Amino acid sequence: MFLVSGPDLVVEAAKAGIVGAFPTLNARSPQILDAWLADITRRCQGAPGGYAANLILHASNARRDDDLALVVNHRVPWVITSVGSPVAVIERVRAYGGRVLADVATIRHARKAIDAGVDMLVLLTAGAGGNTGWLNPFAFIEEVRGFWNGPLAVAGGITTGRQVRAAQVAGADLAYVGSPFIATHESLAETDYKQALCTAGADDIVLTDAVTGIPANFLAGSLRAQGILQPDGSLLPRGAGDLASWKTAWSAGHGVASIRDVRHVGERVHTLRQEWLAAG
Ligand SMILES: Cc1cc2nc3c(=O)[nH]c(=O)nc-3n(C[C@H](O)[C@H](O)[C@H](O)COP(=O)(O)O)c2cc1C
């Protein structure tokens, strides 16, 4: 999660038995990314879970090639590609035994990612934090399962172990859980952001492309504070904000109502596991 997940969050997730992920851009320079990857690799040794690095492949990402080179150097076990074609990444990551997961929000992109040879699809569905999808998860999973038998993850508003179980029953193998990990002691989010999540519900989440030009979900209060959401309820036009606004426009998915306190990552994972077991 952009500006949220760093080494501590990722390492604690791996220690708790899940896969912790972070976008490479969260490290402010390739030098810092190099240090982060060395640190994460060392601290994750022997952990029951794992870690993933997310490469934003959009042409506007000037660090795309440098960051890929570092990911390859450090042999990152899981590489998530988003906002662009995974083709250039797959061969290089596979060469050292890594696995490539591609975020997709449409059937067309799912097919393209499969044709490119990805190891796993991640279906971004309606209500996800960050750059969201818009398809209904049941419909999306069902249609993709018509042509893909491989590993399938689903993302969007999943905040409890019961929902993870539901995603599996619906046909997915794995679930992404994003927003609940913003409200952890290990996340890089500022305290006010974490606290705002603890009182929010689904009606407080607003979908807009005003911040970065790509549709994303945000807490209404933070959009109001920035003038992106106007007092009359209207939103500024597409891309009127910029990446800097992403820091003060606080993103979260529709599942925020399950987040009522700030916890350690390990506690969150423990609760998810208990809920998942109880729903079995
Ligand atoms: C604050 C925030 C930042 C995010 N940044 C990224 C990102 O940089 N790259 C990415 O692939 N997904 C990003 N996401 C999306 C997550 O990977 C995931 O798909 C999403 O959080 C799942 O929805 P949920 O938050 O409802 O669990 C972000 C999500 C949030 C909440």
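**Reading the sheets, domains and ligand shell**

Modeller: Strand S3, residues 78–82, is mostly covered, with 4 of its 5 residues buried. The model is predicted.

Biologist: To which strand do 5 bridges join S3, and in what sense do the two run?

Modeller: In general, strands of a sheet pair through backbone hydrogen bonds, either parallel or antiparallel. In this case the 5 bridges join S2 to S3, and the two strands run parallel.

Biologist: How many strands form the open sheet with parallel pairing, and in what order?

Modeller: There are 7 strands, and the order is S1-S2-S3-S4-S5-S7-S8. The edges are strand S1 (19–23) and strand S8 (174–175), each of which pairs on one side only.

Biologist: Which helix packs on this sheet, and which strands does the helix touch?

Modeller: Helix H1, residues 7–16, packs on the sheet and touches S1 and strand S2 (50–56). The direction of H1 makes about 160° with that of S1.

Biologist: Over how many bridges do S4 and S5 pair?

Modeller: Strand S4 (residues 99–104) and strand S5 (residues 120–124) pair over 4 bridges, in the parallel sense.

Biologist: What domains does the assignment of the chain give?

Modeller: The domain assignment gives domain 1 as 7–188 + 260–278 and domain 2 as 201–248. The C-alpha centres of domain 1 and domain 2 are 24 Å apart.

Biologist: How many residues of each domain are in contact with the other?

Modeller: The size of an interface is often given as the accessible area lost when the parts come together. Here the description is a count of residues in contact: 5 of domain 1 with 5 of domain 2. On the domain 1 side that touches domain 2, the classes are 1 nonpolar, 4 polar and no charged residues.

Biologist: Which residues come nearest to the ligand, and what classes make up the shell?

Modeller: There are 25 residues around the ligand, and Met1, Gly129, Gly130, Gly178 and Gly253 come nearest. By class, the shell has 13 nonpolar, 11 polar and 1 charged residues.

Biologist: Turning to the backbone, what is phi of Leu3, and where does Leu3 lie?

Modeller: Phi of Leu3 is near 65°, a positive value in a residue other than glycine. Leu3 lies in the segment before H1.

Biologist: Why does Leu3 count as partly exposed?

Modeller: Leu3 counts as partly exposed because it has 19 C-beta neighbours inside 10 Å, whereas a buried residue has 20 or more.

Biologist: What is phi of Val83, and where is the place of Val83?

Modeller: Val83 has phi near 50°, again a positive value in a residue other than glycine. Its place is in the loop between S3 and helix H4 (87–95). Val83 counts as partly exposed because it has 16 C-beta neighbours inside 10 Å.

Terms used: Residues numbered from 1 in each chain as written. Predicted model: local features only at pLDDT ≥ 70, side-chain atom pairs only at ≥ 80, totals over all residues. Near = placed C-beta within 6 Å. Nonpolar A, V, L, I, M, F, W, Y, C, P; charged D, E, K, R; others polar. Pairing = 2+ DSSP bridges. Contact = placed C-beta atoms within 7 Å. Axes fitted to C-alpha atoms, helices over the stretch in contact; angles between N-to-C directions. Domains from an automatic or database assignment. Buried ≥ 20, exposed ≤ 12 C-beta atoms within 10 Å, placed from the backbone.
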